[in-house]
Amino acid sequence: MPVVELLVCGEALRGDDGVAAAIVDALPRATAAMTRVRPVGQLMPDDLLGDGAPVIVIDAVDGPPAGEVIDLELPAIAAREPGDFVPSSCHALPLTMVVGIANQLRASPLQGRFVGIAGRDWEIGAALSPTVAISVPEAAERVAHWVRRLSAQEGRGGECA
């Protein structure tokens, strides 16, 4: 079965910014076996160039109410305004720009998703806030859904919808 790459953003020692690792840890074993996990901290365009495998970017988000799960198609992110949706990890470039640049550099269209949880506590040394922690199973289920779907579509040569 084709592998889906999970790009894990954030810093586990910065409160809610560590939610991506918590989401990956909550994935069912069968789903995790279908993935290649790559911690990236701050996402950059070259992280999305990869080997053509579909990707799921996982990160905390700043802006929406804490605990809200965000699930978006990666190609659609490039069309959003940079202020619409702000991953909390201190990215050198806004996510909209990272995805747009990667799309232009790739030989084939970018396939994949962004899944994250809106946070509220970014303090160094803090644990996940309770509002964010309670949303981890829902976000992990969304990641698991997309891993299965992207893997099946990749195996058929189809594109992500």
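This is a predicted model: local features need pLDDT of at least 70, side-chain atom pairs count only at pLDDT 80 or more; totals for chains, interfaces and linings use all residues.
Local features are reported at pLDDT of at least 70 and side-chain atom pairs at pLDDT 80 or more, whereas totals for chains, interfaces and linings use all residues. Residues are numbered from 1 along each chain as its sequence is written, and side-chain values use heavy atoms, with hydrogens and water left out.

The chain contains 6 helices and 6 strands, which follow one another from the N terminus in the order β-α-α-β-β-β-α-β-α-β-α-α. Helices (H or I, at least four residues) and strands (E, at least two) are DSSP runs, numbered from the N terminus. Among contacts (heavy atoms within 4.5 Å) with a separation of 6 or more, 80% join residues 24 or more positions apart. Of the 161 residues, 48% are buried; this term denotes under 20% relative accessible area, with exposed over 50% and partly exposed in between (1.4 Å probe, protein chains only). The chain exposes about 7,400 Å², of which carbon and sulfur atoms supply 56%; areas come from the Shrake-Rupley method with a 1.4 Å probe.

A nonpolar core is a set of buried Ala, Val, Leu, Ile, Met, Phe, Trp, Tyr and Cys residues joined through side-chain atoms within 4.5 Å. The largest has 24 residues, and Leu-6, Ile-23, Ile-56, Ile-58, Ile-117 and Val-143 touch the most other members. At least two residues each come from β1 (4-9), α1 (19-25), β3 (55-62), β6 (112-118) and α6 (136-156). The greatest contribution, 8 residues, is that of α6. Apart from this core lies another, of 18 residues, including Val-57, Leu-95, Leu-110 and Phe-114.

Leu-49 is located in the loop between β2 (35-41) and β3.

The whole structure holds 7 salt bridges, each a side-chain nitrogen of Lys or Arg within 4 Å of a carboxyl oxygen of Asp or Glu. In one of them, the closest N and O atoms of Arg-113 and Asp-71 are 2.9 Å apart. This pair links distant parts of the chain, strand β6 and strand β4 (residues 69-73), across 42 residues. Arg-113 counts as buried because its relative accessibility is 9%, and Asp-71 is likewise buried at 19%. By contrast, Arg-142 and Glu-138, also bridged at 2.9 Å, both lie in helix α6, 4 residues apart. Arg-142 is partly exposed at 29% relative accessibility, as is Glu-138 at 40%.
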